[in-house]
Amino acid sequence: MTTLRCAAAHSEDPSPCEGAHAVVRVVDQHGDEATGCVHHAARMYASLVRPRVYPSPGHGGKAIEVYKRAAALAPFAWVNAAA
Ligand SMILES: [Zn+2]
């Protein structure tokens, strides 16, 4: 199944997006950034060194949600996932 996914979805992470695809922007320590859904943005955030997350316009609460979810995730959560 090939489904278009958000920009934060890692190429080796097979999980589908959750909700809208561009609710937050995740920025890494080098200033590179990707927009993503809550699910993939949280996984990306948990995998980066000193990341930042910003909500997209109209999605003010989503950055907090990503931050909270990421705190409960291991880096590169998809590597050892059974999913
Ligand atoms: Zn996604």
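**Zinc site and salt bridges**

Trainee: Why does Glu18 count as partly exposed?

Mentor: Glu18 has 37% relative accessibility. Buried means under 20% relative accessible area, exposed means over 50%, and partly exposed is in between (1.4 Å probe, protein chains only). So 37% puts Glu18 in the partly exposed class.

Mentor: Before we go on, this is a predicted model, where local features need pLDDT of at least 70, side-chain atom pairs count only at pLDDT 80 or more, and totals for chains, interfaces and linings use all residues. Numbering runs from 1 along each chain as its sequence is written, and side-chain values use heavy atoms, with hydrogens and water left out.

Trainee: How do you know that Glu18 and Arg69 form a salt bridge?

Mentor: Their side chains come to 2.7 Å, N to O. The rule asks for a side-chain nitrogen of Lys or Arg within 4 Å of a carboxyl oxygen of Asp or Glu, so this pair passes. Arg69 is partly exposed as well, at 27%.

Trainee: What does that pair tie together?

Mentor: Glu18 sits in the segment before E1 and Arg69 in helix H2 (residues 62-71), so parts 51 residues apart in sequence are tied together. Helices (H or I, at least four residues) and strands (E, at least two) are DSSP runs, numbered from the N terminus.

Trainee: Which residues are linked with Glu18 in a network of salt bridges?

Mentor: Glu18 is linked with Lys62, Glu65 and Arg69. Lys62 and Glu65 pair up with their closest N and O atoms 3.6 Å apart, and they are 3 residues apart in helix H2, about one helical turn. The structure holds 5 salt bridges, including Glu33 with Arg25 at 3.0 Å.

Trainee: On to the metal: which atoms coordinate the zinc ion?

Mentor: Cys6 (SG), Cys17 (SG), Cys37 (SG) and His40 (ND1) do, at 2.0 to 2.3 Å. Donors are N, O and S atoms within 2.8 Å of the metal (3.2 Å for Na, K and Ca), so these four qualify. Water is not among the atoms, so sites may look incomplete.

Trainee: What makes the arrangement tetrahedral?

Mentor: The 4 donor atoms subtend angles of 104 to 114°.

Trainee: What does the pair of Cys6 and Cys37 tie together?

Mentor: Cys6 is in the segment before strand E1 (24-27), and Cys37 is in the loop between strand E2 (33-36) and helix H1 (38-47), so the pair ties together parts 31 residues apart in sequence. Both cysteines are buried.

Conventions: Four donors count as tetrahedral if all angles lie between 85 and 135 degrees; four count as square planar and six as octahedral if opposite donors are over 155 degrees apart and all others between 65 and 115; anything else is irregular.
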